[in-house]
Amino acid sequence: MKKISKRARVLTGGAVLAAVVAGTFGAVSASASAPAAVPAAVTADAPAKNLTRSTHLTTAAATKAAQAALDAAKKENQRVSVAVVDRNGNTIVTLRGDGAGPQSYESAVKKAYTAVSWNAPTSELAKRLEQAPNLKDIPGTLFLAGGAPVAADGAPVAGIGVAGAPSGDLDEKFAQAGVAALNR
């Protein structure tokens, strides 16, 4: 094996070191450069025939209706829960009155959902069970009196459900008080 001179080793080591430094410097400066341009988002305007609009209660209106229903129940010394749901069955507001039973909260939500789903008071819907008993199997529904729909131009926009009074008739009376409050 041929011996490499000291001078050749120094020159070779220097060249390797220079290559490493140059590569490192290039990598650092490449990462410090401006970021690549992000492509613009693609947007499309859907033709009006592909769209629909719906009407929803404001949170303030839903709260007003729920409070009116709760106040009507309080006047008759009833401890109830009140729920207001939007057209899609999503809860907008719930109020649990002082002393209302633990089951009343969920029952109020289900009654409100049922009322808005069929755009009818739940007392009327309960009567339909005689002809169609399978209705009660629809998830999230409760076919007991106490739910009232809120409509605008004949279309349902919300449901108000009340639960906790000793009878569904009272629950529905209080739900109707909530609906009436929206007309004031």
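The model is predicted, so local features need pLDDT of at least 70 and side-chain atom pairs count only at pLDDT 80 or more, while totals for chains, interfaces and linings use all residues. Residues are numbered from 1 along each chain as its sequence is written, and side-chain values use heavy atoms, with hydrogens and water left out.

Begin by selecting D171, which lies in helix α5 (residues 168–182); helices are DSSP runs of H or I with at least four residues, strands are runs of E with at least two, and both are numbered from the N terminus. D171 counts as buried at 3% relative accessibility, where buried means under 20% relative accessible area, exposed over 50% and partly exposed in between, with a 1.4 Å probe and protein chains only.

Because K111 lies in helix α3 and D171 in helix α5, the pair ties together parts that are 60 residues apart in sequence.

Now select V80, V82, V84, I160, V162 and F174, the residues with the most contacts inside the largest nonpolar core, which has 23 residues. Such a core is a set of buried Ala, Val, Leu, Ile, Met, Phe, Trp, Tyr and Cys residues joined through side-chain atoms within 4.5 Å. Helix α2 gives the most to this core, with 8 residues.
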